[in-house]
Amino acid sequence: MTPYSAGYRRVVVLLLTAAYTFNSMDRSIISILAPSIKADLQLTDTQLGLLGGTAFALLYGLGGLPIARLAERASRVNIMTVALIAWSSLTAMCALAASFGQLLLIRAGVGIAEAGCSPSAHSLISDYVAPSRRASALSIYTCGISLGYILAAALGGYLAQHAGWRMACAAAGLPGVLTALIIKGAVREPARGGVDTPGLEAPSAAPELPPFSMRHEFAELRAVAAALLFNRPILHMVLALTLGAFAAYGFYYFIPAFFRREFELDSTTVGLISAVSGGLAVGLGILAGGALSDFLARWSARWYALVPAIGGTISLPLYVLALVAPGWKGAAAALSLGGFFWYASLGPTFGVVQNVVDARRRATATAFLYICLSMLALGLGPLFVGWVIDRFAESSFAASGTAHSFRETCPGGTAVAGAVVTVQEACRSALALGSRRGLLLTVGFFAWAVGHYALAAFGLKKTLTSGR
């Protein structure tokens with residue numbers, strides 16, 4: 001039994017969700033500001049992909065495991081406090097960047113700092129909430145993704161249009177420092193494994209760890225890797241999460257640019273579309289997926305995989321419709337519905353992972369997931385989609401019959417100053433068509449992920465009831 005009241009546990013989950021909201025906002029702000037940054041610093045979409053994905057994600061992934069191992073021994077509350085202050089301050093510093101190289105370096109620092117958030121938070125939530133409700137609690141926490149995206153889209157879009165992208169970065173970064181101080185003062189460090197119970201639950205409560213040694217640390221890493229990678233249903237869940245995130249990070253990173261390029265909308269309108277379709281709808285889907293899977297799992301644990309599989313299947317035609325719709329309102333509506341059904345997968349997946357590892361391995365298990373989500377998905381997703389869009393734009397521009405290359409004629413995606421109207425239109429049309437084709441290609445990765453969720457349903461019940 002937990003010594004904390006239900007009301008206090010809800011407050012803790014909400015405070016951790018607030019931290020993850022700033023985590024998501026500071027991660028997402030670059031994609032919202034991408035058109036303004038691209039024009040100001042004369043960048044390619046490949047460079048934008050590096051800023052939004054690779055620079056952030058590589059160090060996020062590399063920093064995750066050492067910080068997670070520290071979180072298995074030290075105060076998770078202290079780790080989150082320091083990390084939140086660091087990444088918030090660095091996000092604000094993006095406003096001072098005068099070149100691509102400087103911005104790349106700052107984003108790498110943001111990645112290292114943000115690595116301290118989710119491993120500690122998942123472990124804390126799992127020690128406050130019983131296993132049978134963890135998918136729901138982790139869904140609430142994971143809603144920070146959508147809440148942060150809403151703030152980044154609405155605030156970033158408005159400030160980019162009225163005050164410039166640099167002011168938007170400063171405004172996104174600074175509030176996180178205050179949130180860090182509130183978490184430090186309000187959240188207590190719970191006993192590890194204190195709420196675990198038999199049955200469809202995690203293994204037994206946590207024993208004390210032996211003194212630190214590299215041999216023990218490597219043994220713990222091997223144990224976590226075995227739990228996630230050598231159990232077939234769990235492996236399929238991990239593969240599905242990784243492939244879906246690869247697609248989603250690239251897809252949603254370039255969705256704001258797609259709406260501007262295809263429908264010629266201003267930054268404020270695109271920000272509002274992004275806030276609704278990539279924020280509100282996604283958040284509702286996350287909540288619904290966690291609650292529904294916990295409810296249906298009373299009859300069979302297979303629903304922790306079937307809810308994501310069914311939701312993902314419904315999302316596929318909706319994503320395609322969003323990219324081929326003739327008007328921006330229809331595209332935004334289809335995108336919102338697609339996001340709702342796709343993101344029902346996150347809570348069940350995170351809940352399953354927390355329930356198959358011991359209490360003192362939960363931060364490490366989350367760090368393993370976030371290596372997949374960061375280094376593979378976030379690190380490569382935006383870069384891949386940006387590269388594909390550049391290639392499609394170049395081929396579309398070449399097909400227009402213009403003598404010079406797309407990059408020479410359309411630096412930053414727009415025609416050089418003084419270009420004739422036909423060249424201006426050729427640049428605009430090539431970039432819009434390249435964006436649509438690149439994003440359509442990305443939908444195929446969503447479909448691949450759905451297949452793994454379906455395969456995970458076979459054997460998942462046995463895995464969870466055996467605690468292995």
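**Labels and the values behind them**

Guide: Gladly! Let us begin with helix α5, whose buried residues are Ser118, Pro119, Ser120, Ala121, His122, Ser123, Leu124, Ile125, Ser126, Asp127 and Tyr128. Please keep in mind that this is a predicted model, where local features need pLDDT of at least 70 and side-chain atom pairs count only at pLDDT 80 or more, while totals for chains, interfaces and linings use all residues. Residues are numbered from 1 along each chain as its sequence is written, and side-chain values use heavy atoms, with hydrogens and water left out.

Visitor: What makes helix α5 mostly covered?

Guide: Buried means under 20% relative accessible area, with exposed over 50% and partly exposed in between (1.4 Å probe, protein chains only). In helix α5 (residues 118–128), 11 of the 11 residues are buried. Helices here are DSSP runs of H or I with at least four residues, strands are runs of E with at least two, and both are numbered from the N terminus. The protein chain has 19 helices and zero strands, and 59% of its 468 residues count as buried.

Visitor: Why do cysteine 117 and cysteine 143 count as buried?

Guide: Cysteine 117 counts as buried because its relative accessibility is 0%. For cysteine 143 the value is 7%, so this residue counts as buried too.

Visitor: What makes the pair of tyrosine 252 and tyrosine 319 edge-to-face?

Guide: Rings of Phe, Tyr and Trp (its six-membered ring) pair if their centres lie within 6.5 Å; planes under 30 degrees apart count as stacked, over 60 as edge-to-face and the rest as tilted. For tyrosine 252 and tyrosine 319 the centres are 6.3 Å apart and the planes are at 80 degrees, so the pair is edge-to-face. Tyrosine 252 sits in helix α11 (residues 232–263) and tyrosine 319 in helix α13 (residues 303–324), so this pair links distant parts of the chain, 67 residues apart.

Visitor: And why is the pair of tyrosine 319 and phenylalanine 446 called stacked?

Guide: Here the ring centres are 4.8 Å apart and the planes are at 25 degrees, so the pair is stacked. Phenylalanine 446 belongs to helix α18 (residues 421–456), so the pair with tyrosine 319 in helix α13 ties together parts that are 127 residues apart in sequence. Tyrosine 319 has a relative accessible area of 0% and is buried; phenylalanine 446, at 0% relative accessibility, counts as buried as well. Both rings belong to a cluster that ring pairs build from Phe251, Tyr252, Tyr319, Trp342, Tyr343 and Phe446.
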